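Biologist: Before I rely on the labels in this model, I would like to hear how each of them was reached. Could you show me the structure and then take my questions in turn?

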Amino acid sequence: MPIDLVATDLDGTLLTGDGELGDRVRAAVRRAQEHGVHVAFITGRPFRETISMLARAGLRGFTAASNGALISDERGEIRYEQVLTATSAAWAVERLRAGIGSVSIGAVSAEELALDPDFPADLASNWRDQLGAGSVPDLVRGGRVLKLLVAHPHRLAGELAAMTAELLGGGFAVTYSTTRFLEVSHRSADKGVAVELIADALQVELSRVACVGDMPNDLPMLGRGGLAVAVANAADSVLAAADLVIPTNEEHGVATLLDAVVEQRRAAHGVRSFN
């Protein structure tokens, strides 16, 4: 089945390990779009940071940030937003602090990131450009939280995820894109829902969507499209869910996939292969 939409994760998938968009990747995205292939960027990253990064790289396309809690179109206009209310976010924070103990919390809105003072210092340093002036309680009270971040000094994300899901119940989506912390969102905010909404907006059948990822937070979208793709550096659970494994992010695997999708479309139309 021809592919009309490629929905790709960013960190660990489209981006290199140092968080860069290489020239080959940028060229492959533009070439795909020139040949009628939509490219959507589906990430756990905050919205404004993601939009700014893509703009600096000269790329455009539907973007789902904070694991699908906020979706914008090619013009950067917000088309969908699924936030945690002040009540539900405050309840979740209270349950986590009481039920697990020693957790450090972060809160993410469309415009701001707030972290507990004891949130892992290296992560806080990496995100210093995104940190706002407010505290986690301030952001939670505002009622516009897209996701909560949960870190623990002695528990990795896999163990912490099981504990968190049991504590919070079915009203929240619990996932992770790194072993260092969890991401807790509204139950209707995940990458699978985002792919469905974007495909519908673009009038693309899900059977003609390829979804690419590397970590457990990508699993919901890998189950939605017609082609589930993992980069070779993906987590074992993602590799097991994939129909196709492409080269690693450092080897620009998504660029290889996009070039193959374009070649397939050219061949279908009787156009000679490019070099």
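Biologist: What stands opposite Gly106 in strand 7?

Modeller: Leu115 of strand 7 stands opposite Gly106. Since this is a predicted model, local features need pLDDT of at least 70 and side-chain atom pairs count only at pLDDT 80 or more, while totals for chains, interfaces and linings use all residues. Residues are numbered from 1 along each chain as its sequence is written, and side-chain values use heavy atoms, with hydrogens and water left out.

Biologist: What makes strand 7 and strand 9 edge strands?

Modeller: The open sheet has five strands in the order 7-6-8-10-9, with antiparallel pairing, and strand 7 (113-115) and strand 9 (172-175) each pair on one side only.

Biologist: Which strands does helix 4 touch where it packs on the sheet?

Modeller: Helix 4 (residues 86-99) touches strand 6, strand 8 (147-151) and strand 9, where contact means heavy atoms within 4.5 Å. The direction of helix 4 makes about 10° with that of strand 8; axes are lines fitted to C-alpha atoms, for helices over the stretch in contact, and angles run from 0 to 180 degrees between N-to-C directions.

Biologist: Why is Asp116 called buried?

Modeller: Buried means under 20% relative accessible area, exposed means over 50%, and partly exposed lies in between, with a 1.4 Å probe and protein chains only. Asp116 is called buried because its relative accessible area is 10%. Asp116 lies in the loop between strand 7 and helix 5 (121-126).

Biologist: What makes the approach of Asp116 to Arg97 a polar contact?

Modeller: A polar contact is a pair of N or O atoms within 3.5 Å; within protein, one must be able to donate a hydrogen and the other to accept it, and residues adjacent in sequence count only if both atoms are side-chain atoms. The side chains of Asp116 and Arg97 make such a contact at 3.0 Å.

Biologist: Why is Arg224 called partly exposed?

Modeller: Arg224, in the loop between helix 9 (219-222) and strand 12 (227-231), is called partly exposed because its relative accessible area is 27%.

Note on methods. Pairing = 2+ DSSP bridges. Helix = DSSP H or I, 4+ residues; strand = E, 2+ residues; numbered from the N terminus.
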